[in-house]
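Q: Please take a close look at one part of this model for me: the place where one chain touches another. After that, walk me through how a single chain is put together.

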There are 2 protein chains.
Amino acid sequence: MNNDAPFAYSGLERIFHERGRLAVCTCLVANPHGMRFTELQEACALTDGNLNRHLHALAEVGIVVMQRVKGRGRPTTTVRITGDGRRRFLSYIDELESVVRDVHRRADEPSSERWATQS
Amino acid sequence: MNNDAPFAYSGLERIFHERGRLAVCTCLVANPHGMRFTELQEACALTDGNLNRHLHALAEVGIVVMQRVKGRGRPTTTVRITGDGRRRFLSYIDELESVVRDVHRRADEPSSERWATQS
């Protein structure tokens, strides 16, 4: 924690701190072998366009990979989280956990630190 | 949890799910009697303009109140979280906590539910 700005939470990577992308990554971490676009869409309650936009943002920074799979029927897109993506997402989740702890602690016992007492 | 879309996280109120506003609210929950604009700014490492923008967004939906206080010197602005704002923020934090739990559980034991097994 940065003592000069104890609430800055710079570890909260912005790429993950968006509700749709948080849902997508949680889902993909639970399914390391990948998911089909339509399954992901259903699990996260996202529209086609929104899921597409989020996946491209995540793919651009190497968090997910997408693959177009041709079978007997229509080609389908599968998505999986990369090793690096998984590590970064779990470290974002750790930071989230420390925010939660921080709020609980401070809400129960209002601070007597300089932020509270400075007049 | 919505079983049709288990990862939708609809309880994550968007007003709080932004890094700057998360910092501001955490800070104000720890300081229920309020803080001066400049203290808040320092604690959260936000620029004038950004803090202003976040505070106006929060005030518009009744989460914080701002007061201009005239003393001997220059007038200062103090900010505090409302009772309703505190309740809503703590309930957002509860949802965040359940996301963290969810990820830990699912990352450790990849799901064997329909999202994982559907082929």
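A: Starting at the contact itself, 38 residues of chain B are in contact with 38 residues of chain A; "in contact" here means that the C-beta atoms of two residues, placed from the backbone, lie within 7 Å. Keep in mind that this is a predicted model, where local features need pLDDT of at least 70 and side-chain atom pairs count only at pLDDT 80 or more, while totals for chains, interfaces and linings use all residues. Residues are numbered from 1 along each chain as its sequence is written, with chains lettered from A and ligands numbered from 1 in the order in which they are written.

On chain B, the elements that give two or more residues to the side touching chain A are α1 (19-30), α2 (37-44), α4 (83-108) and α5 (114-117). Helices (H or I, at least four residues) and strands (E, at least two) are DSSP runs, numbered from the N terminus. The largest share comes from α4(B), with 10 residues. By class, this side of chain B has 26 nonpolar, five polar and seven charged residues, taking Ala, Val, Leu, Ile, Met, Phe, Trp, Tyr, Cys and Pro as nonpolar, Asp, Glu, Lys and Arg as charged, and the others, Gly among them, as polar.

Now for chain A itself. Chain A has five helices and three strands, running α-β-α-α-β-β-α-α from the N terminus on. The three strands make an open sheet in the order β1-β3-β2, with antiparallel pairing; strands pair if DSSP finds at least two bridges between them. At the edges sit β1 (35-36) and β2 (64-69) of chain A, each pairing on one side only. β1(A) and β3(A), residues 76-81, pair over two bridges, and Met35(A) has Val79(A) as its bridge partner in β3(A).

Lying across β2 and β3 of chain A is helix α3(A), residues 48-60, at about 120° to β2(A). Axes are lines fitted to C-alpha atoms, for helices over the stretch in contact, with angles from 0 to 180 degrees between N-to-C directions. α3(A) also meets helix α1(A), residues 19-30: their axes come within 10 Å and cross at roughly 75°. α1(A) and α3(A) are therefore roughly perpendicular to each other, a label for angles of 65 to 115 degrees. Gly20(A), Arg21(A) and Val24(A) of α1(A) meet Asn50(A), His54(A) and Leu58(A) of α3(A). That contact has two nonpolar, three polar and one charged residues.

Key. Parallel < 35°, antiparallel > 145°, perpendicular 65-115°, else oblique.
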